[in-house]
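Work through the exercises below with the sequence and the model at hand. Each task is followed by its solution in steps.

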Amino acid sequence: MFPVSRPRFTNKIIIFLAASATALLAASLFWSFEPQVKALLQGRMGANPSPSAETIISVVKLILLGIVGYLLVRALNFLFFGLAFRLKRIDAPTLIRNIFTIVAFTLFFLVTFTFLFPDVNLGALFTTSAIFGVILGLALQDTLGNFFAGISLQADRPFQVGDVITVGAQRHTGVVEEISWRAIKIRTFTNHVALIANSTAAKELIEVFPRGNLNARTVFFNTLYTDSPAKTIHVVREAVRETDNVSDKVTPVVRIRNLGDNGVDYEVKYWLDDYAKYNDTDALIRQRIWYAFRRAGLNFAYPTRTLHVERFTKPPARDGDGSAVTERLAAVDIFAPLSGDETGMLAQAAVRHVFAPGEVVIRAGDPGSSMFVVHNGRVRVQVNDNGRPRTVATLNEGDFFGEMALFTGEPRTANVVALEETEVLEIGYAAMKRVFDNNPNLVESLSFIMAERRQGLTSHDDPEVATKNSSAGILSSIKRFFGI
Ligand code: CMP
């Protein structure tokens with residue numbers, strides 16, 4: 001927010017003291033020269049004037065005393081609210097100060113009036129004058145509406161000075177600077193002052209973003225369909241959480257809003273330390289996203305048309321990067337005895353799949369006729385332990401899973417869940433059968449690993465014996481299943 005220029009406090013005091021001195025001087029002069037003024041008036045106005053010289057003098061006195069009284073009330077107001085309240089660290093609302101001024105001045109005026117005009121019955125004047133009442137009522141309709149709406153705003157206190165508010169269908173937004181008896185004064189984000197009449201505000205919807213509250217904002221962006229959501233979410237979240245004015249009390253949330261025509265639409269929700277600076281912070285966040293995208297090789301989506309040309313002359317490639325897959329499979333320990341051609345054949349048969357963090361790759365109890373090798377990322381093997389998930393293993397790049405159902409024909413024994421964005425290579429029954437036909441010894445090493453893994457799924461008194469026994473059982477069931 002921009003600094004607000006106001007007359008300086010000392011200037012105000014000087015002006016006030018000068019006005020008070022002038023008013024007091026004028027009043028004392030008038031009182032001292034009252035007989036002379038009276039004589040002068042009587043001399044000029046003749047024998048039976050209407051109004052009489054006395055009445056004119058009383059009216060002037062009333063005006064002078066009114067001015068002095070007003071200044072007195074202002075001084076009291078300052079002493080009471082300005083000093084006494086501030087000593088107790090309470091900031092009195094402008095509306096309360098104004099009500100004090102109005103009530104005190106009205107009382108002072110009535111007392112002075114009764115003193116100067118003892119013959120006039122003020123009560124009768126107000127109660128009997130119907131026309132006066134109608135005029136006053138019509139004239140004060142809006143003013144009184146604002147006044148009472150202001151009182152209810154003060155009593156309710158839905159917002160305070162310093163809060164950001166948005167008012168009505170026109171969505172006037174700004175920081176509340178003052179709530180007076182007539183209007184709410186807000187400073188907009190273009191440094192304009194907008195006054196919203198209290199009676200209008202009382203009827204409109206007001207959205208309040210309290211100062212000191214963790215208010216949130218949402219910024220939108222998009223990426224190409226080829227950019228990974230897990231990577232995008234991670235990159236943007238880290239970029240946003242380090243931006244100025246983004247609260248470190250709540251981690252920003254990045255999520256997909258829509259799968260749009262041109263790309264994947266995202267939103268990032270973040271919480272601000274100072275909501276009044278949301279325009280700057282939104283802009284800074286967009287800037288940070290741009291730089292983060294640049295570093296991470298992510299791309300914003302712009303209106304595009306993608307033309308797919310299908311070639312029928314070549315068989316469709318099963319994986320875009322065959323050598324990486326072959327290398328990966330060659331590094332898997334159970335495939336170590338395979339020749340280069342055999343590993344190449346497996347790589348040809350392998351199908352690549354990508355899973356998001358938290359996605360289930362294999363579900364316990366499902367039938368399964370393929371196994372998987374972790375190409376990139378990590379997975380967690382979980383079993384159901386009395387209704388609660390228990391992790392029995394975490395598998396990294398180069399590890400394999402899903403072999404139990406593939407080699408025995410039994411249902412899947414556990415859930416396998418991606419821990420991060422994970423790419424797996426799926427190898428089916430037919431490819432494995434070919435491998436086993438050429439390498440019958442492979443079955444033995446596999447059956448040992450499977451027996452060990454089964455051990456991890458259940459507890460057993462003597463793990464070594466159990467492993468051996470069960471490995472022999474597994475060996476024969478694999479041989480049976482594959483007809484070896
Ligand atoms: P399958 O039963 O086909 O599906 C679940 C897979 O989790 C299972 O094959 C194994 O590959 C794997 N698995 C089960 N238990 C373990 C374990 N103790 N350690 C590592 N992997 C396991």
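The exercises cover helix contacts, strand pairing and an aromatic pair.

The model is predicted, so local features need pLDDT of at least 70 and side-chain atom pairs count only at pLDDT 80 or more, while totals for chains, interfaces and linings use all residues. Residues are numbered from 1 along each chain as its sequence is written, and side-chain values use heavy atoms, with hydrogens and water left out.

**Exercise 1.** Describe how helix H9 and helix H10 cross, and list the residues in contact.

Solution. Helices (H or I, at least four residues) and strands (E, at least two) are DSSP runs, numbered from the N terminus. Axes are lines fitted to C-alpha atoms, for helices over the stretch in contact, and angles run from 0 to 180 degrees between N-to-C directions.

Step 1: the axes of H9 (residues 229–241) and H10 (residues 278–296) come within 9 Å and cross at roughly 130°.

Step 2: angles under 35 degrees count as roughly parallel, over 145 as roughly antiparallel, 65 to 115 as roughly perpendicular and the rest as oblique. H9 and H10 are therefore oblique to each other.

Step 3: contact means heavy atoms within 4.5 Å. H9 contributes Lys231, Thr232, Val235, Val236, Ala239 and Val240, and H10 contributes Ile285, Arg288, Ile289, Ala292, Phe293 and Ala296.

Step 4: sort these residues by class, where Ala, Val, Leu, Ile, Met, Phe, Trp, Tyr, Cys and Pro count as nonpolar, Asp, Glu, Lys and Arg as charged, and the others, Gly among them, as polar. The contact of H9 with H10 has nine nonpolar, one polar and two charged residues.

**Exercise 2.** How many bridges join strand E3 to strand E4, and what lies between them?

Solution. Step 1: two strands pair if DSSP finds at least two bridges between them. E3 (residues 183–188) and E4 (residues 193–197) run antiparallel and are joined by five bridges.

Step 1: Ile184 stands opposite Ile196 in E4.

Step 2: E3 and E4 form a hairpin with four residues between them, and Asn191 in the turn has a positive phi of about 65°.

**Exercise 3.** Give the strand order and the edges of the open sheet that contains strand E10.

Solution. Step 1: the order is E10-E15-E12-E13, four strands with antiparallel pairing.

Step 1: strand E10 (360–362) and strand E13 (388–395) are the edges, each pairing on one side only. The twist averages 35° from one strand to the next.

Step 2: two bridges link E10 to strand E15 (residues 415–418), and Ile362 has Val416 as its bridge partner there.

Step 3: helix H15 (residues 442–457) lies across strand E12 (379–385) and E13, running at about 150° to E13.

**Exercise 4.** Classify the aromatic pair of Phe221 and Tyr266.

Solution. Step 1: rings of Phe, Tyr and Trp (its six-membered ring) pair if their centres lie within 6.5 Å; planes under 30 degrees apart count as stacked, over 60 as edge-to-face and the rest as tilted. The count by this rule is 15 aromatic pairs.

Step 1: Phe221 and Tyr266 are stacked, at 5.2 Å centre to centre with 5° between the planes.

Step 2: Phe221 lies in strand E6 (residues 215–223) and Tyr266 in strand E8 (residues 264–272), so the pair ties together parts that are 45 residues apart in sequence.
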